[in-house]
Structure formats: structure tokens, C-alpha cells
Amino acid sequence: MAETREHVPAGTGFTPVATPHRQVGSEVERYGGVDRARGTQRFVADLHFPGAAQVALVSLPVGCAEIHRVDVAEAAAMPGVLGVMTAADLPSPMPRFGVSHQDRPVLAADRVTYHGEPVAVVAAESVEIAEAAARAVHVDYAERPGAYSVEDALADSAPLVQDPAIRPDDPLAETNVLEHARYAWGDADEAEKRSDFVVEDTYTFPMVTHFPIEPGGSVVVPTEQGGLDVFSPVQHPYLLQRTIATLVGLPLNRVRVLAPDPGGAFGGKQTPKLEPLLAFLALRTGRACRLVLSLEQTFQTMRRAGCRISARTGFTDQGAITFHQVDADFQIGAYADVAPRVMSKGSFVSAGPYRVPALRVNGRAVLTNTTPSTAFRGFGSPQVSWATENQLDAAARRLGLDGLEIRRRNLVTRGEEFIRGDSPAPADGDWAESLEKAAELIGWDRPPAPNRGRGIAVGIKPGATSGLSQSLVRLLSDGSAIAYAGTSDMGQGARTLWQQILSDELGTPLDRVEVVSGDTSAVPFDLQTSASRSTVFMGSAVLEACRDVRDKVLELFAESVGVPEEELAHAPGVLLTPDGELPLTEAARRALGSLHGEFIGQGTRRLRGKRGHPLGGDAAFYEFNATAIEVEVDVETGELLLTKHVTVSDVGTELNPLQVVSQDEGAAIMGLGHSQMEQLLLDEHGRIRNLGALDYRIPTFNDVPVEFVSAAIENQDGPGPYGSKGISEGALLCTAGALGAAVADATGVVIRDLPLTPERVWTALHASPRHP
């Protein structure tokens, strides 16, 4: 794969701001990167807990069943078994937890609602004993008809996935619809009358798994004070702390969460899953309890919501959108997790970044007897983008336009509202720059070679709509510095950015900056690590803490040397005195004097929500991306060769260009996964047929584009430090749309169901009159 990086100057009307920074904007070595590269980084499974009980789960080989009896006698009698816990050993009613709905049980009680849901758990002296005892647990159960697809779940005679008693007073409790999201503006009926034609189709997006390199797992250790230490590679340590404290009845200060860097997360390690079960088991046995899942089991704990989208879009004969109607059914699984939020946030931008006079959107979070879905890079936007981008391409073909031109005619400009109605949202970037740059880099104006085609698409995703990040920064007397930040570094390189900010703002060399994270007993509060918020929210808190330190250095320096404060000022890395610039670290040393000590700064970034807003508040920023793909199609086999892939993101400011490239390319390749090959397949019993690495395909180096070009548009117009925006999800928002358009351009065949596997492409080709 050939790689190219384009640095794009700012657009018209926005001049880059010159800064004195030396580290911010540079491609510095990643904090902790050497350990990752050498394989010496310690994940949860690498941590040693002497005397820990090893844990194994008991589950059923079906996706839907009534549990009649769980017999643990044989398992409990086995030598080395420390305990076997079932629903009968937990408080009654069964403790339940969740983010939006308290619906997930600690253990399955009367029913199993998805393949892999644990019905019992074993603690033993070794993994081998625990697994053997788990096999010796006998479960008397009766398989029941399950709702394994959106169509199954919405049928008139569909079995209910959840007991209605779980959702008292919910008017939807007797259905498999957990939540609705309805957005509208303008008069779609009148707009349709003014339309020259209407495009109408249905599109499907598959269920896919996160496939982290590090499988799931955690360790819970009872403390001598009656508390719990929880070791988990979780993205939201404080959410996990709060959940466990609530379930087991402990104050927050007795539950400590330690979150080592995860080996991949992508949203799958945001929310509690099996940690509450381990907490109850640890309290019951009085032993540290350690559970490390296999990759197959990890597949049964996390996935992206599949989706069926029906769209109707009106156009004028000049290619302008007149109205857009979307019905999006998200297949969320057996429990809510954060899936209702995924549905509502994805549906909110289902019109894309376009000028749409009238809109009707009906989103539904549909319960099915499948693995509960959770956050996944893109958070609902890739699903709706697949449909909307296809609609534009269908209109372009009808009008004799190309994909670039129809987007030019409909893409909003900076400050123009692309979401209207009661909660308007303006474009926060010059998004046409990304579109035009992608077209330029793909060579849009040059005709492709035979059997090749090109496609271009754009995608939009709202950033965080509320949040709270707090940070502490310590500048020590020897000029070294420490930042305390609760953001989990799950691959986005957050600690590298904090290190760069401290180095520039305090004048401390990079190798003398330490970053502490991942321990609720040591770091200040951070709401969550998600929604590409790390740079904007925690980065701003770290920056504010650094400037607080500088204020305090100035104040004490003035007192120590007898200079009036009004004669002093500070700038990144320096104190400005009547005698000239003084390195901030030297000013700090003089101010502290012989007593030494340190300066402590505190920073907070808070975004309050808005009552009545459909997303709970305005987005802090929008991720925008334009992707262009050139593909060669083998008409004999249906195989696709991506000859060139271009991704251009609107980033505000690149704080670390190398990390921006890494995030951009990683997201793009992940997007190729759900576009070309990834899908969870179920059998008639609701069992996942392709568990694990052998049967579930993800992109490898054999699948990546021959040429990969990543570019960024910088206008210093973001709300984060130095004008930055979040960027880690943009490059997969519209990958599928660009690839689908490229295949259609090469073959004349339009495929509306993902993934575009060789079999699906071959079948579509040979069903087409153009390819007998």
C-alpha cells in the first residue's frame, strides 16, 4: 500500500494562526508507543494477581430460551472449585443496570435473550478447573422462538424480546420497539408536489463486531476495607465505578476502577458488561476474581447495530434536494446499552450535510434476540449515510450528473443550517474544501481505466452534546511536570497530546512530562472517552490547567522578587519580565526558592446540555469527511481491488499530524470492513455462526487499497485547543457510500445491501442485463 499525506492550507477567509509552539503540531513520538511496538505493554490479562480465582461462564447454545432449573451440584463438588453462582444467589429482584435503561441483568434469571448470555459463573483455582466445572453445570431449559432480525421483531406475531415488566409505564413495553426518534422540518408533502422526481429505495447495513485485538476481561479484588478494586480496560472508568457502587451498595470512594490501556476498543469497551457479575462473585467468594474472555466470547459481548433504512428523496431537474424522508430501524439487540442514543444521534443527521428544505425521519431502536449492540466508531452515522449517499447517486445517474457535481449543488456552506426545525445546527466548517480536495486527489476529472470506477461521498457526525472533563497539572521544582487526566488512551494517543500541550505551555521538555490516567482514585473526573471528545474536552481542560499554573508562577514570582504583578506577563513556556523573557521553569524555580514545592493548576471543560433538545444539547463540533475511491471489479469473480482510496477530514488544527493520519487511516480501513466483508451471521437458533478470527473476516494488508491518500483541511476553527476538532471517526462515515458508487460506476450495477462481498457483487452482476 502506497501512502501519501497532504497538508492543505486554510481556505478563503481563514488565515492560519502563527503560534510559538514547538511540540504542538509536530509528529512527536507517541507516549507509551515503544511498549506497544515491542509488545511489552501490559494489558489486564498480563497483570498478576496472586491467589486470584479464575472465572468461567456458563451459557446456552441458543439465542432464546426459558430457564427451568440450573443444577450446580456436580460442578460445585469438583476439587478446586471455589464457588458456582446462579441467579438464585443474587439479590431478588435481579439487579439490573444500563446507561439509558436499567434492563440488563447481572445474570440471566428466567430467560436467556441472546446467544452467549451467561446463566451461571464458576470461580476456581485454575482456568482449566473453572472451564471443566462450567461444562458440568446442567441447565434445564426450553428453547423458545426468537426474534433474530428486524423483520422478525416487527412482525405482528413477534415474540417479545424483553419481559414488559422490565419497562413499567412504557407505552412501547408490549412491542419490540425500545425507543422512537422523530425529527421533522418543513412540509414534505408540499415539497414532494414541487419535485421533478422522487428516488425511493431500501438499504441494509450489517451487524458487525468491534474485533479488538485485546479480548474482553476484568479482575475484581475485594479490599481489606470492604471495598472493591476493579481492573478493566474500560473507556468510562467513572461510569463503571458508579454502576458497581450502585449495584453492590457501596459508596463511590470504596470502589476503585483501574483502567489499563485497552488493546483496541472503538466504543465496545465503553459500558459495563460482565464487571458487575465479577463484583458480586468477588464479594461472595472473598477472593480476587479474574475473567479473561476468548475472542469468540468477546464477539458475544459487543457489536455495532445493524440497520434497515427506507428512504424517499425528492429532487428538482437541476439536482437540488426538495425533501428527504427516512425510516431507520436499528437492530439493537436484547438490551439497551447505549443503542437508543446511537439510533437517535444517527437519525438526527440522516439528511447528511446537505441543504434539505423538508425532512421527515422516523428512527426506531428495535430489540432482537441478539448480542446487545453498543457504541461503535461512527455512532449510527455510517448506517444512515449509506442510504443518503446512495440516494444522491441515484438522482445523479437519472440527471446525467456525476457524484461530485450533485454534492456540489446540495452541500451547505459555512454557517448555513443543515439541521433545521426546533434545534437548528449550522455547518461549522468549509466542508466544500474537503469535497473538492478529495476529488482532486482521486483524479476525478480523468477517465478511469476499463473495469474501474470512481465514487465520492461525504459524511457527518455530531460530536459530544454534553460533557465534563477535569484535569490537574503539577509543575515541580526541578521543571518536570505531571498531568492527571481521566481520559482513557484507547489508541487515539490522548496522552501524547497532553504531553505536547504541557511541554509547550510550561516549557518542560517532552521527556520530563508524565501523564497519569486510568485510576479513579488518582485522577479527576472525566465523563467518558467517546464521541471524539478527548482532544476537545480533556485537551481544553489540560490547557486550562497549564495556564492556571502559569498564573500561579507569575503571582509567586512577583512576590518573591518584588516585582509588581502588572509588570509581568506569561506566554507559552515563558514568563515575560521587565528584563526580558525568562523560561517558565526557571521562573518557577526562583519563585519556589529553597523550600521547593510545586505549582498545581486545575482545568475544567464543561458543556451543559439543553433541555428539550433531541440530542440533549448542541454538538460541540461536527466531524466531516469526504472520501473518494477508485475500484477495479473482476466481473468473473466479483472481487474488488481498491486501486486508490482518498480520505479528507475537516480537522480544525492538527495537534499531532502523525496521529491524525493514524486515526484517519484506521477509521477508513475499518470502514472498508463493514463495506466489503464484515457481517455477523446467525443460524435458525440465533447462534452466531462466524465467531472468532477464522470465520469472521476483517481487512488485512491484502485488502487495503493499493494507494492510500490521507489529507486534512486546517482552518483553526474548532472548539478544542488551538482550534482543533475531534477527528477519529470521520473517515469511516462515508466509506461504504464511496465504494458502492465506485462499483456502480465500474459495472452499472447498484447494490443496496452491505457488505459488498465477492459473492454479492458476482450475483448482482450476473443478474444484470449488462452482464449476462
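## Thr653 and its surroundings

In this predicted model, the side chain of Thr653 reaches the backbone oxygen of Tyr722 at 2.7 Å. Thr653 itself belongs to a loop, the one that lies between strand E30 (640-652) and helix H16 (657-676). Is Thr653 buried or exposed? Thr653 counts as buried, because its relative accessibility is 13% and buried means under 20%.

Tyr722 is also one of the residues that Thr653 touches. If residues up to four places away in sequence are not counted, the contacts of Thr653 are Glu714, Gln716, Tyr722, Gly723 and Ser724.

## A sheet of three strands

Strands E25, E26 and E27 make an open sheet in that order, and their pairing is antiparallel. Strand E25 (569-571) and strand E27 (580-583) are at the edges and have a single partner strand each, so one side of each is left without a neighbour in the sheet. From one strand to the next, the twist averages 30°.

The pairing can be followed strand by strand. E25 pairs with strand E26 (residues 574-577) over three bridges in the antiparallel sense, and here Ala571 stands opposite Val574 in E26. Helix H15 (residues 584-592) packs on this sheet, where it touches E26 and E27, and its direction makes about 80° with that of E27. E26 is joined to E27 by four bridges, again in an antiparallel arrangement, and Val574 stands opposite Pro583 in E27. With two residues between them, E26 and E27 form a hairpin.

## A sheet of four strands

Another open sheet has four strands in the order E24-E23-E22-E28, and its pairing is mixed. Which strands stand at the edges of this sheet? They are strand E24 (513-516) and strand E28 (598-607), each of which pairs on one side only. The twist in this sheet averages 15° from one strand to the next. Strand E23 (residues 481-485) and E24 run parallel and are joined by four bridges, with Ile482 standing opposite Glu514 in E24.

Helices also lie against this sheet. Helix H14 (residues 534-561) lies across strand E22 (467-476), E23 and E28, and runs at about 145° to E28.

## Helix H11 and what covers it

Helix H11 (residues 403-410) has as its buried residues Gly403, Leu404, Ile406, Arg407 and Asn410. Their spacing can be read with a general rule in mind. An α-helix has 3.6 residues a turn, so residues three or four places apart point the same way.

What covers the buried residues of H11? The cover includes both strands and helices, among them strand E16 (306-315), strand E17 (321-333) and strand E21 (452-462), together with helix H10 (381-399) and helix H12 (431-442).

## Cavities

How many cavities of 30 Å³ or more does a search of the whole structure find? The search finds five, and the largest cavity has a volume of about 180 Å³. This largest cavity is lined by 16 residues, and those closest to its centre are Gly216, Gly217, Lys273, Leu274 and Glu275.

Key. Residues are numbered from 1 along each chain as its sequence is written. This is a predicted model: local features need pLDDT of at least 70, side-chain atom pairs count only at pLDDT 80 or more; totals for chains, interfaces and linings use all residues. Side-chain values use heavy atoms; hydrogens and water are left out. Buried means under 20% relative accessible area, exposed over 50%, partly exposed in between (1.4 Å probe, protein chains only). A polar contact is a pair of N or O atoms within 3.5 Å; within protein, one must be able to donate a hydrogen and the other to accept it, and residues adjacent in sequence count only if both atoms are side-chain atoms. Contact means heavy atoms within 4.5 Å. Two strands pair if DSSP finds at least two bridges between them. Axes are lines fitted to C-alpha atoms, for helices over the stretch in contact, and angles run from 0 to 180 degrees between N-to-C directions. On a 1 Å grid over the protein atoms alone, a cavity is a set of points where a 1.4 Å probe fits but cannot get out, and a pocket is an open set with protein on both sides within 12 Å along at least five of seven lines; lining residues have an atom within 4 Å of a point. Grid points are joined across faces, edges and corners, and a volume is the space filled by probe spheres set on the points.
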